[in-house]
Structures are given as C-alpha cells and as structure tokens.
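Visitor: I would like to learn how to read a protein model, one feature at a time. Could you show me the general idea and then the case at hand?

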Amino acid sequence: MHQKQYDYLIVGAGLYGAVFAKQAVDKGKSVLVIDKRSHIAGNVYTERIADINVHKYGAHIFHTNNEVVWKFVNRFACFNRFTNSPLANYKGEIFSLPFNMYTFNKMWGVTTPQEAFEKIEQQKKAANVHSPFNLEEQAISLVGTDIYEKLIKGYTEKQWGRDCKDLPSFIIKRLPVRFTYDNNYFNALYQGVPIGGYTEMVNKMLDGIEVNLNVDYLEDRDLWNNIAQTVVYTGPIDAFYKYCFGALQYRSVRFETELLDIPNYQGNAAVNYTDSETPWTRIIEHKWFEFGKNEKGEDIPRTVISRELSSEWKLGDEPYYPVNDDFNNSLYFKYKELSDKERNIIFGGRLAEYKYYDMDAVIASALEKSNSVIKTVQIC
Ligand code: FAD
C-alpha cells in the first residue's frame with residue numbers, strides 16, 4: 001500500500017474529533033482535521049458577542065465524575081465554579097429546579113422534608129395510578145399533581161410537540177426529587193464552564209494541528225479517503241450511507257438570540273418556562289455562565305439572551321437530540337452493521353453513534369478509542 005499524506009483524517013472539529021486529533025498528534029501521528037462548518041468546536045462552540053461567550057448551539061455546562069476526563073480538559077482550560085441552578089417560571093411564579101425543598105416550600109409552604117414527602121405521597125395516592133400508561137400518568141405517579149401541572153406538563157409538551165397523554169411513559173422513568181435545600185442540578189464531583197469559552201478550549205486542543213474549515217467530507221469522500229490511512233468520521237451515520245435505509249430522526253431546537261442594552265435580564269443563566277402559553281422552553285442569559293464578568297474581571301454592561309424553541313426536525317435542519325425510540329434504534333442498528341464492516345474508518349461521537357452524549361462521555365469515548373487504536377511512534 002502506498003504511503004498516504006496523513007495517518008488520520010478527522011472529519012469534524014467537535015469534541016470527539018478534537019480529542020482524537022490531539023491524542024493522535026501526541027502519539028507522533030500526522031493529522032488533518034476538516035469540518036463543514038466555518039468554525040471549530042462543533043456544538044460546544046462559543047462565540048464572543050459584546051465580551052460575552054455565547055453558547056451558540058445551546059447552553060453547555062461541563063460536569064463529570066471521571067478523573068481522567070477532568071484532568072484531560074484541565075490541560076486546555078481553567079474551569080470556573082459555575083454550578084447549574086436553573087429556575088422555573090410558571091406564569092410569573094419562580095420555582096427552584098431540580099425539585100427540592102426550595103421548590104416544595106414555594107409550592108406548598110412546607111418547611112420540613114417530612115411535610116414535603118407527605119404532600120407528594122398524598123397526591124400520588126389521590127391520583128390512584130397503578131400502571132402508568134402515558135407520560136402524564138407516569139409523572140403524576142412519581143411526583144403528584146401539583147408539580148406535574150406547574151413544572152412538567154407545559155415544558156414537556158413544548159419540548160416534544162405533543163400532549164403528555166400521547167407521549168410514552170418511558171421518557172421519564174425517574175424524576176430527580178430531593179428532600180434537601182440543594183439547587184445544584186448535577187450530582188457530579190466536578191462542574192464548571194471553561195473560562196474564556198469552549199471555543200478557546202478546543203482551539204488549544206487543536207494547537208499546531210492542520211484544520212480546514214468549510215469543507216464537507218461527503219461532497220468528495222474519495223479525495224479525502226485517498227490522503228489518509230484512517231478516517232475518523234464524526235458526522236451523521238445515515239448521511240455517510242446516503243440514507244439508504246432512511247433518515248434517523250432528531251428533535252431540533254431554534255435559538256432566538258438578542259443583544260440587549262441592559263446589564264441584567266433575568267438574574268440567572270437558565271430559566272425554564274413551564275407553562276403551555278409561552279412558546280419558548282427556556283431563556284439562557286449567557287453572561288451568568290461567567291458571573292457577568294469579562295476576561296479582565298470587569299462587569300459587562302450589556303447582556304445576550306437566547307430563547308430556545310423546540311421544533312420538529314426535518315432533513316437539512318441542525319440535528320440536536322436523537323429520538324432513541326424502537327424505530328430509530330433499529331434503523332441505527334442497520335447502519336451500525338454496515339459501519340462495523342468498514343476498514344480504516346472509525347465512527348465516533350454523537351452523530352456517528354446516534355447517541356446523546358454529555359461532553360465528558362464523548363471525551364471519554366474519544367480517549368478510549370484513540371488509546372486502543374493508535375500505536376505510539378517510537379522516535380529513536
Ligand atoms: P459535534 O459537536 O456535533 O461535532 C461534529 C462535527 O462534525 C460538527 O462540527 C460538524 O460540523 C462536523 N461534520 C458533520 N458532518 C460533516 C461532514 N460531512 N464533513 C465535515 N464535517 C462534518 N453536554 C454536557 O456535558 N453538558 C451540557 O450542558 C450539554 N448541553 C447540551 C445542550 C444541547 C442543546 C445539546 C444538543 C447537547 C448538549 N450537550 C451537553 C452535549 C454536547 O453538545 C455533546 O456531547 C458534544 O457536542 C458532542 O461532540 P461531537 O464531537 O460528538 O459532536
């Protein structure tokens with residue numbers, strides 16, 4: 001076999017691609033990264049607007065229990081102490097999330113865990129649901145009617161574009177309920193947001209690595225396959241196979257982003273709108289991921305907000321959340337069978353594996369894969 005120009009062609013400069021590329025280069029391999037977008041960092045991309053790092057593809061909070069991943073990311077960024085404490089706005093009333101003693105106090109005026117527990121149990125009993133058939137019954141059987149009506153129903157219906165009675169119960173197997181005064185959404189050992197934004201972090205990972213942007217691998221795959229021994233493909237698996245079995249489905253999100261000439265819009269990074277009338281599911285105020293300060297530690301005078309509107313996905317839209325129901329999972333499995341037969345092509349990341357991955361999980365997966373397939377070059 002003739003020697004090719006690169007050991008690895010990485011398709012996609014998102015987290016999976018960037019981590020794999022860094023590992024390959026550290027092991028002495030030659031690497032080219034391409035991405036069809038005009039920027040690196042994939043869906044964790046942050047764009048600087050009025051001194052604020054705006055999370056362009058949705059709010060991203062890093063959280064992990066994985067020591068290896070935490071050490072790895074800290075090579076490329078310093079993380080701040082941001083703790084995810086979202087709020088719910090139900091017709092102007094503010095509740096703490098996830099459901100905890102602050103939520104129950106606001107909902108019922110109870111102050112002790114025992115009172116809150118009894119209130120939930122009473123409501124579960126009154127609802128008398130034994131084998132929940134749909135999402136509404138499932139939610140009521142877990143947390144009772146008040147929390148369901150005010151904090152779950154409207155939000156979930158907007159998110160899925162369907163009535164909770166028409167959604168399957170398995171979507172919410174469990175609901176996090178805490179009988180402590182604790183608004184921290186994640187139970188992770190490590191949590192934060194990279195100071196300076198995710199783009200800067202990925203930029204450091206790709207430091208010294210050749211990156212070509214605005215290049216779609218699928219438009220000329222023969223050319224790209226010819227220049228590298230191995231391709232790491234992080235794009236959609238169904239697109240790779242020209243949708244031969246049909247398109248995998250996603251839920252999409254539309255962001256309406258605005259720069260406002262005021263310093264503080266909602267006083268919190270994330271506020272969920274849990275009623276049915278408000279069209280958006282939540283509003284993100286990006287500056288609060290970094291405590292409203294710029295890089296010099298000064299207060300930022302303006303603010304950027306993004307309203308998130310959940311939408312039905314159609315081919316050509318940005319894919320966000322995979323719909324991992326039986327139909328789509330078996331469709332994915334057919335594509336996976338094809339991909340398992342490929343030689344010299346590695347499929348990785350959220351789109352190629354049709355899987356919702358948190359950032360730490362996608363990094364762990366890229367580290368594991370790169371460690372198992374890349375042999376270190378011995379330099380004598
Ligand atoms: P991507 O970031 O999508 O990267 C794939 C790249 O491949 C893209 O840049 C794309 O342009 C490129 N590409 C695709 N096809 C081609 C092609 N044909 N040619 C060239 N390039 C191509 N995780 C958390 O841990 N915390 C959070 O708070 C969090 N919030 C999230 C919010 C939302 C709305 C969503 C959808 C996800 C969230 N995640 C969060 C998950 C996180 O976004 C993913 O873990 C991460 O982005 C996955 O990285 P990836 O490299 O697999 O995919």
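Predicted model: local features only at pLDDT ≥ 70, side-chain atom pairs only at ≥ 80, totals over all residues.

Visitor: Where is Gly-267 found in the chain?

Guide: Gly-267 is in the loop between E11 and E12, where helices (H or I, at least four residues) and strands (E, at least two) are DSSP runs, numbered from the N terminus. From Gly-267 to Asp-222 there are 45 residues in sequence and 51 Å in space, C-alpha to C-alpha.

Visitor: Is Tyr-354 buried or exposed?

Guide: Tyr-354 is buried, since it has 24 other C-beta atoms within 10 Å. Tyr-354 lies in the loop between E16 and H11, and its phi is near 45 degrees, a positive value in a residue other than glycine. Asp-51, in the loop between strand E3 (46-49) and strand E4 (52-55), has a positive phi too, near 75 degrees, but Asp-51 counts as partly exposed, with 16 C-beta neighbours inside 10 Å.

Visitor: How should I read a sheet, and in what order do the seven strands stand?

Guide: Strands of a sheet pair through backbone hydrogen bonds, either parallel or antiparallel. Here two strands pair if DSSP finds at least two bridges between them. In this model seven strands form an open sheet with mixed pairing, in the order E7-E6-E12-E13-E14-E11-E15. Strand E7 (93-96) and strand E15 (321-322) are at the edges, each with a single partner strand, so one side of each is left without a neighbour in the sheet.

Visitor: How many bridges join E11 to E14?

Guide: There are 10 bridges between E11 and E14, which run antiparallel, and in this pairing Arg-251 stands opposite Glu-312 in E14. Strand E11 (residues 250-260) also pairs with E15 in the antiparallel sense, over two bridges, and there the bridge partner of Arg-251 is Tyr-321.

Visitor: Which strand pairs with strand E1 in the parallel sense?

Guide: Strand E1 (residues 6-11) is paired with strand E10 (residues 228-233) over five bridges, and Tyr-8 has Thr-230 in E10 as its bridge partner. E10 also runs parallel to strand E16 (residues 345-347), to which three bridges join it, with Val-232 and Ile-346 as bridge partners.

Visitor: And which residues come nearest to the ligand?

Guide: A residue is near a molecule or strand if its C-beta atom, placed from the backbone, lies within 6 Å of it. Of the 35 residues around the ligand, Gly-12, Gly-14, Gly-42, Gly-235 and Gly-349 come nearest. Helix H1 (15-26) and helix H11 (359-373) each supply at least two residues of the shell.

Visitor: What kind of peptide bond joins Leu-97 and Pro-98?

Guide: Leu-97 and Pro-98 are joined by a cis peptide bond, with omega about -10 degrees, and Pro-98 is found in the loop between E7 and helix H3 (101-108).

Methods. Residues numbered from 1 in each chain as written. Buried ≥ 20, exposed ≤ 12 C-beta atoms within 10 Å, placed from the backbone.
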